[in-house]
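Work through the exercises below with the sequence and coordinates at hand. Each task is followed by a stepwise solution.

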Amino acid sequence: MTDLTAPTRNTSPRSTQARPDPRLILATDLDGTFLAGSAEQRHRLYRLVDQHPEICLIFITGRGLESVMPLLTDPSIPRPDYVVCDVGATVVDGQTLLPLQPLQSRIDARWPGDQTVAQVMRAFPDLQRQDVPQERRCSYYCDPETLAPLRTQIEDTVRELGCSVLYSADRYLDILPPDTDKGRTLKALAKQLKLKRENVLVAGDTLNDLSMYMAGFRGVCVGDSEAALIEATGSLSDVLHAQAPGCGGILEAIAHFKLLEKNDPYLPVARTAPTGKAQLLMVYHRLPYEEVIEDDKLVRRQPKSPNGIIPSLLGFFQGGQTGSWVAWSIDDPKRGPFETHTAVDEKYPNLTAARVPLTKTEVDIFYKRFSKEAFWPMLHVFWERARFREDDWKVFLKVNRKFAEATAAEAAEGATVWIHDYNLWMVPAYLREMRPDLKIAFFHHTYFPSADVFNVVPWRREIIGSLLSCDYVGFHIPRQVENFVDVVRGVAPVERVRTESCAPRFLTYGCAVGLDTMTTRLRVPGREVALGAHPVGTDMRRIKTVLANPDVRNNIYKLRREIGARKLVLSVERLDYTKGTLAKLEAFERLLESQPGLHNKVTLLMICVPAAREMTVYRQLQNSIEQAVGRINGRFARMDWTPVRFFAQAFPFEEVVAHYAAAQVMWITPLRDGLNLVGKEFVATQGIEGGNGILVLSEFAGAAAELKGAVLTNPHDQADLTAALLPGAADAGRRGRRPPAPALRHRRLLRRRPLGPGVPGCGAQRHPARQAGHEEAERQPGQAIGLRCWSTRAQRGEQKN
């Protein structure tokens, strides 16, 4: 059951407890002030406010609360204690976002209501109502020449309403409750909270902020402020006209007014130049080698399988590329001192593994429990299974920060960082704060759901804010890109800068995950983010090499001889409720019930790799699957025929390829899947072998948008699931006959778009049956050409996308 009752959350370490006697109360405007200045200055001020226990932060802005909310969940920006919005008309607690009473009630009592104000202001047709989020405030625009002669009449009308009018830049005007502006509301707030006036510092940059200085507080007009504000505050002795813009000006004022002691331990020091040497960094939760305990010693060795995401990403470091691979390793004191850096392989002499030390408890919570029990089910649209725990989220943040710190220490100036998958969602935000000079890319290997599903996550704003800190975010297929864009639209103001057609590379209207157009660039406040869809390919050369192996040829011969005249339907997947294994077994059972002629003529061979023992969430599922297999075999088996052959174990890659070659039908029916490489591997094997096999594929797998020759099926429709399998089970693979249409399309597809390294759409992939313990193997990315090109351009400093 989803737990959505978690307390107030924030990634910032700032305490949510009230500060009874803060040494510094910073009341700051946002645009042009707290959000402005160089990246270095912003970092210094944000870190000071974030870490200092005696600083009270107040956002005081003309924005409406809805427009401020995206900032409140940006992990790089400290969370304010209080927020004053709508030019002083809205006052809320910065942690709970609840109105601050009784101050808010007093403002409400003076406001006649939006509808009343709007009705009266219709008498001025030249005024254009601004379509922005706001409360207790009506904003209008009018060109200066038209507005000037109307001002007296407008002011008289507003006065009759019992309201105030505030002008800005001679063309904007706000109708507000009487005696309401930034300065008056801040003064009332300070009085209610009993804040010492001498400890308050106000900061702004436009004439709209003038009321804060006139309220009698110390203030700073940051560098590049409007000339009108500089002139209006020129005679105020407690106002500093700073040289540096934005956050730099605020830091000047803190020092000028001596609001903190020179030896204050929380005062930031200027960051030193990056000391790392890596120009390209892979940030992934697994190391590029295996660590095993042999004779009570930690031994490192190459992965058993040479295929998969690890060798794909290692390919970027061929040719002497200097880089680092950032991944976790368990820090066990019993093993002796922890090595933070190790060599990877002599093939990559300039690649270093930067090991992030985690305790076993951190790994169990961060990965085996939280990622799998909270995010994994939600991402695959099983949101009702998700269990969100605030304590687990804190561990998740702690681990992600460790990854970011290790990455920041490794990276050279302007380096390219490539972060992988949902386990590391929050790394971009922390890393952008620490190292604004870096080029950051993120590839989401797992399916990304629509907004109505993703929005059940209690920390969705923090996660999306982190991903928007990237320069580039990649997914497998266009549907996942657009789902991401849809979620972003509900979190922050966003503009689609660029789109492109999905055809002909992807299916548009032919499957459940098809789409006709895709967003490739977004503009969010302060930055642009490039987006892309890069489905992972499979390594054709690797499969060809395996098929040429005499032992594999012998295994293929044995399998075909054992199968004989029967049709082999093959299923290869991990043990997971997202794979639809039970539904598949039930469909096969119905097929045997309705088609007695298929008895003793078709065999379903299922390779189902079990989850790690610590992942108890899958135990009941495995029991149910084994019971279903036993029931089917008990009903239909004969002395010389077992309808379902079930293997709850990992097979070596060579054996799986032999099964690909021997099978007539590949049956892949996940209820939801980011991509699914098994289908591509089957197609590749059949194409190399000249086989007549048929791929029956769930239309909810990402690969369905790309493999146009597959027989698509809806795994949520039991009748369709059975019907899609029937033709293949009855007719596929009769040697000597013309291949069925799907098989012909498969072979044309392979000839038209080869899936080998160095070719568009290429990559390398380990599928789940090849090595036990690789829970995500099916959805790891390979070297998609689009991502390789982005990485190359990023390192050159060129425009991305």
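**Exercise 1.** Find which residues of α19 meet which residues of α24, and classify them.

Step 1. Taking contact as heavy atoms within 4.5 Å, Met-540, Ile-543, Lys-544 and Leu-547 in α19 meet Glu-681, Ala-684, Thr-685, Ile-688 and Glu-689 in α24.

Step 2. The residues of this contact divide into five nonpolar, one polar and three charged. Here Ala, Val, Leu, Ile, Met, Phe, Trp, Tyr, Cys and Pro count as nonpolar, Asp, Glu, Lys and Arg as charged, and the others, Gly among them, as polar.

The model is predicted: local features need pLDDT of at least 70, side-chain atom pairs count only at pLDDT 80 or more, and totals for chains, interfaces and linings use all residues. Residues are numbered from 1 along each chain as its sequence is written, and side-chain values use heavy atoms, with hydrogens and water left out.

**Exercise 2.** At what angle do the axes of α19 and α24 cross?

Step 1. The axes of α19 (residues 540–547) and α24 (residues 677–689) come within 10 Å and cross at roughly 55°.

Step 2. That angle makes α19 oblique to α24, because angles under 35 degrees count as roughly parallel, over 145 as roughly antiparallel, 65 to 115 as roughly perpendicular and the rest as oblique.

Note on methods: Axes fitted to C-alpha atoms, helices over the stretch in contact; angles between N-to-C directions. Helix = DSSP H or I, 4+ residues; strand = E, 2+ residues; numbered from the N terminus.
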